[in-house]
Amino acid sequence: MTTTTTRADSIINAGWIIPVNARRETLTNHSLVIQHGQIVDLLPTTEVDQHYHSDQRHDLPKHLLIPGLVNAHGHAAMTLFRGLADDLPLMSWLQDHIWPAEAQWVNEEFVHDGTQLAMLEMLRSGTTTFSDMYFFPDVAARAVHDARMRCQISFPILDFPTAWARDADDYIHKGLELFDDFGSQQLINIAFGPHAPYTVSDAPLQRVITLAEELDCAVQIHLHETAQELRDAFLADRRRPLQRLNELGLLSPRLQCVHMTQLDDRDIQLLRQNNCHVVHCPNSNLKLASGFCPTAKLHGAGINVALGTDGAASNNRLDLLGEMRTAALLAKAVSHDASAIDAHSALEMATINGARALGIEEVTGSLEQGKAADIAAIDLSAIESQPLYNPLSQLVYATDPSQVSHVWVNGELLLSERKALTLDATRILSRAQSWADKISARP
Ligand SMILES: CSC[C@H]1O[C@@H](n2cnc3c(O)ncnc32)[C@H](O)[C@@H]1O
Ligand SMILES: [Zn+2]
């Protein structure tokens, strides 16, 4: 008897798959089938040949497949400022070092080269989707388009001039042009990025509310990052920044609140009532000594908590695997509860919660039928993963980025045996060194 099998674009046979589904499963010896960029089936490897055939077969019996990681907050081009100003608190870091360096160096070429370096680092640590908030977002969007990663471009809005725009109206005007240029791109979403309550006044925030509703898009803002931010805000108008944003009407499911290390019970209630998302950046908060986001409490209150690296000038890595581990450890320390943010919850923060925060949960964030094939393969034969009792435990508590071997975005292989296929690593490294030479010659 002859049976016909369906042709698939690719088939990945894996030792383990953690799909990040509601059943919190770990599948052993399963295959993932990809057609037109989407996951069409997940089935035991013993059955795959009865149903499918493909020219593109990847046999990864010692590997774990996970959903591609979602880095929900960062400033990609700031890779070129990595290590420029360390061991400082946020305001001194920004005002005395980073803003002057940005005024001196940031231009289109800088953003192009820095964004490429960031993408290379993120791909090589398993990230398939990232959110970027930086100057010249048109240049960043073009670089992302060429690398074929998935991205939310949150164009910046500030009250003061920079190399990209003159004033808040100019930032918004230039940002709106991105919707024409990239609005129809499958892998790119445009969002508003008002920088912070202390750098954007009420009138532009009101414009953001109206325009984001009209255009049906997300808004990302740095919020409640340090105790000083709250003290200064209270001195200025006797309100907490979240209260001010609530009175303006900014709180909604569109809002991605980045940092949130200073939260009282009323803040948590406001976030819950308005279904806002929180983007936790644990390593950046630790390094700048900004404070601790109470993620276990937020999780318990039903608030969606995603993960971000922030920029490489404050982190200093763009490694979401590392953020996942720190997030799990920090939650336990802060809540004095070793069971807080267990390994699967930490993985959810780095995947499905990130996709939910960015408004793309239907598309990515888990390995399920109908979703895009955004996948990272982790080599569990590495020394760091021995002996292997539990792939989930190894992934969250022990994996090193060097174990990420393959990455697919929308079904396309972008990293193979750690080699980037859409980014020229040699050129990117040489451009990064030439920026470092220029910047260190003229401090
Ligand atoms: C408006 S583009 C982004 C702007 O934000 C600065 N930045 C980077 N990290 C942080 C942070 O943790 N809090 C506040 N602002 C930050 C970056 O240098 C750009 O100027
Ligand atoms: Zn940031």
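**Exercise 1. Contacts of ligand 1**

How far is an oxygen atom of ligand 1 from an N or O atom in the side chain of Trp99? Work this out in the predicted model, then describe the surroundings of the ligand.

Solution. 
- Step 1: The distance from the Trp99 side-chain N or O atom to the ligand oxygen is 3.0 Å.
- Step 2: List the neighbours. Ligand 1 has 19 residues around it, of which Trp99, Glu102, His195, Glu225 and Asp310 come nearest.
- Step 3: Look at the other polar pairs. His195 places a polar side-chain atom 2.8 Å from a nitrogen atom of ligand 1. For Asp310, a side-chain N or O atom is 2.8 Å from an oxygen atom of the ligand.
- Step 4: On its own, ligand 1 has 450 Å² of accessible area, and the protein covers 100% of that.

**Exercise 2. The zinc site**

Identify the protein donors of the zinc ion (ligand 2) and classify the geometry of the site.

Solution. 
- Step 1: Collect the donors. They are NE2 of His73, NE2 of His75, NE2 of His222 and OD of Asp310, at 2.0 to 2.2 Å from the zinc ion. Asp310 also belongs to the residues that come nearest to ligand 1.
- Step 2: Check the angles. Among the four donor atoms they run from 89 to 164°. A tetrahedral label requires all angles between 85 and 135 degrees, and the site of the zinc ion is classed as irregular.
- Step 3: Relate spacing to fold. His73 sits in the loop between strand E7 (69–71) and helix H2 (90–105), while His222 is in strand E11 (residues 219–223), so this pair ties together parts that are 149 residues apart in sequence.
- Step 4: Check the exposure of the pair. Both His73 and His222 are buried.

**Exercise 3. Backbone features**

Solution. 
- Step 1: Asn316 belongs to the loop between strand E14 (305–307) and helix H12 (320–335).
- Step 2: Pro387 falls in the loop between strand E15 (375–379) and helix H15 (391–398).

**Exercise 4. Positive phi values**

Phe136 has a positive phi, and so does Ala289. Which of the two categories, buried or exposed, applies to Phe136, and which to Ala289?

Solution. 
- Step 1: Phi of Phe136 is near 50°. This residue lies in the loop between strand E8 (127–132) and helix H4 (137–147).
- Step 2: Phe136 has 9% relative accessibility and therefore counts as buried, the cut-off being under 20%.
- Step 3: Ala289 also has phi near 50°, and its place is the loop between helix H10 (282–287) and helix H11 (295–300).
- Step 4: Ala289 has 67% relative accessibility, so it counts as exposed, for which the cut-off is over 50%.

Terms used
Residues are numbered from 1 along each chain as its sequence is written. Chains are lettered from A and ligands numbered from 1 in the order in which they are written. This is a predicted model: local features need pLDDT of at least 70, side-chain atom pairs count only at pLDDT 80 or more; totals for chains, interfaces and linings use all residues. Side-chain values use heavy atoms; hydrogens and water are left out. Donors are N, O and S atoms within 2.8 Å of the metal (3.2 Å for Na, K and Ca); water is not among the atoms, so sites may look incomplete. Four donors count as tetrahedral if all angles lie between 85 and 135 degrees; four count as square planar and six as octahedral if opposite donors are over 155 degrees apart and all others between 65 and 115; anything else is irregular. Helices (H or I, at least four residues) and strands (E, at least two) are DSSP runs, numbered from the N terminus. Buried means under 20% relative accessible area, exposed over 50%, partly exposed in between (1.4 Å probe, protein chains only). A residue is near a molecule or strand if one of its heavy atoms lies within 4 Å of it. A polar contact is a pair of N or O atoms within 3.5 Å; within protein, one must be able to donate a hydrogen and the other to accept it, and residues adjacent in sequence count only if both atoms are side-chain atoms. Accessible areas come from the Shrake-Rupley method with a 1.4 Å probe; for residues, only the protein chains shown count as cover.
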